[in-house]
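Subject: Structure for you to look at

Hello,

Here is the structure I said I would pass on. Please open it alongside this message, as my notes follow below.

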Amino acid sequence: MTQRERQHIAAGLTGGLSYAEIARRLDRPTSTVSREVARNGGPGGYRPQQAHQATVRRARRGTPAPPRGDGSPGSAMEAEILDLAVRTGLPKLTARVHLDLLLAEDGRRTAAELTSRLKVSPASVSVAVNYLVEQGYVRRERDPRRRRDIYVVDDEAWYRSVVIGARQTLETVRAALAAKETFAPDSAVGRRLTKGGVFLERVCLDMLESAERSRHLLA
């Protein structure tokens, strides 16, 4: 990202624009803008010059942005994201792994890097990344030279996660609709399964259609 683009981001944040609107004006994916802001102070602390200098320093060192725990606006933002993720049912370590990947400069980490950065066991990281891969939040790449896996958050992750989640719910819905056949259609259980199943099926199909229709925003 160029310094000029960072200045546009800062101006957009000051003007109260959403990440999506800023991204549209820059012709960039929304996820690129959100990651840029998140790793450089958050919406209230983003400074384009400092962000550009930090990126240059990281590029020279060849290392990603370090995790913050210093009470800065960015640190507070990360804590808030983790709290929200945990409240939606995501295990805390899994949420930490996902956030660390999201805030990586290139969205890539090895298992060893995650273990070192998060100060947890390799087994714990393995459980977390396997879940994230299954849910589409992260994809796995193989490094043939070093025979190790690399975990990646790319711009398609949001699309994959929505599609996987909707399809999993559809499987449950169709099982419920099949189960209703064992009950009388006009019984309380039969009506409950039918109404709930039809509602969730429609919602999931709408989500799949919307995800496909909006996929170009991640290009």
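Is Glu141 buried, partly exposed or exposed? Glu141 has a relative accessible area of 21% and is partly exposed, where buried means under 20% relative accessible area, exposed means over 50%, and partly exposed is in between (1.4 Å probe, protein chains only).

Some ground rules come before the rest. This is a predicted model, in which local features need pLDDT of at least 70 and side-chain atom pairs count only at pLDDT 80 or more, while totals for chains, interfaces and linings use all residues. Residues are numbered from 1 along each chain as its sequence is written, and side-chain values use heavy atoms, with hydrogens and water left out.

Salt bridges

Side chains of opposite charge can pair when their charged atoms come close. The whole structure contains 20 salt bridges, each being a side-chain nitrogen of Lys or Arg within 4 Å of a carboxyl oxygen of Asp or Glu. Glu141 makes one with Arg139, where the closest N and O atoms are 2.5 Å apart. Arg139 is partly exposed, at 29% relative accessibility. Both residues belong to a network of salt bridges that links Arg108, Arg139, Glu141, Asp154 and Arg160.

Another salt bridge joins Arg25 to Glu21, with 2.8 Å between the closest N and O atoms. These two residues are four apart in helix α2 (residues 19-26), about one turn of the helix; helices (H or I, at least four residues) and strands (E, at least two) are DSSP runs, numbered from the N terminus. Arg25 is exposed at 57%, whereas Glu21 is partly exposed at 21%.

Arg117 and Asp100 also form a salt bridge, at 3.0 Å from N to O. Arg117 is in helix α7 (residues 111-118) and Asp100 in helix α6 (residues 92-102), so the pair ties together parts that are 17 residues apart in sequence. Asp100 is buried, with a relative accessible area of 9%.

Strands

Strand β2 (residues 139-143) and strand β3 (residues 148-152) run antiparallel and are joined by five bridges; two strands pair if DSSP finds at least two bridges between them. Arg139 has Val152 of β3 as its bridge partner. The two strands form a hairpin with four residues between them, and Arg147 in the turn has a positive phi of about 50 degrees.

Thr110 lies in strand β1 (residues 108-110) and is buried, at 6% relative accessible area. Leaving aside residues up to four places away in sequence, Thr110 touches Arg148, Asp149, Ile150 and Tyr151, contact meaning heavy atoms within 4.5 Å.

Nonpolar cores

In soluble globular proteins, nonpolar side chains tend to be buried together. A nonpolar core is a set of buried Ala, Val, Leu, Ile, Met, Phe, Trp, Tyr and Cys residues joined through side-chain atoms within 4.5 Å. The largest one here has 13 residues, and those with the most contacts inside it include Val97, Leu114 and Tyr151. Helices α6, α7 and α8 (122-134) are the elements that each give two or more residues to this core, and α8 supplies the largest share, four residues. A second, separate core has 10 residues, among them Ile9, Leu26, Val37 and Ala51.

Rings

The charged end of Arg215 sits over the ring of Tyr159, 3.9 Å from its centre; this requires NZ of Lys or CZ of Arg within 6 Å of the ring centre and within 35 degrees of the ring normal.

Regards
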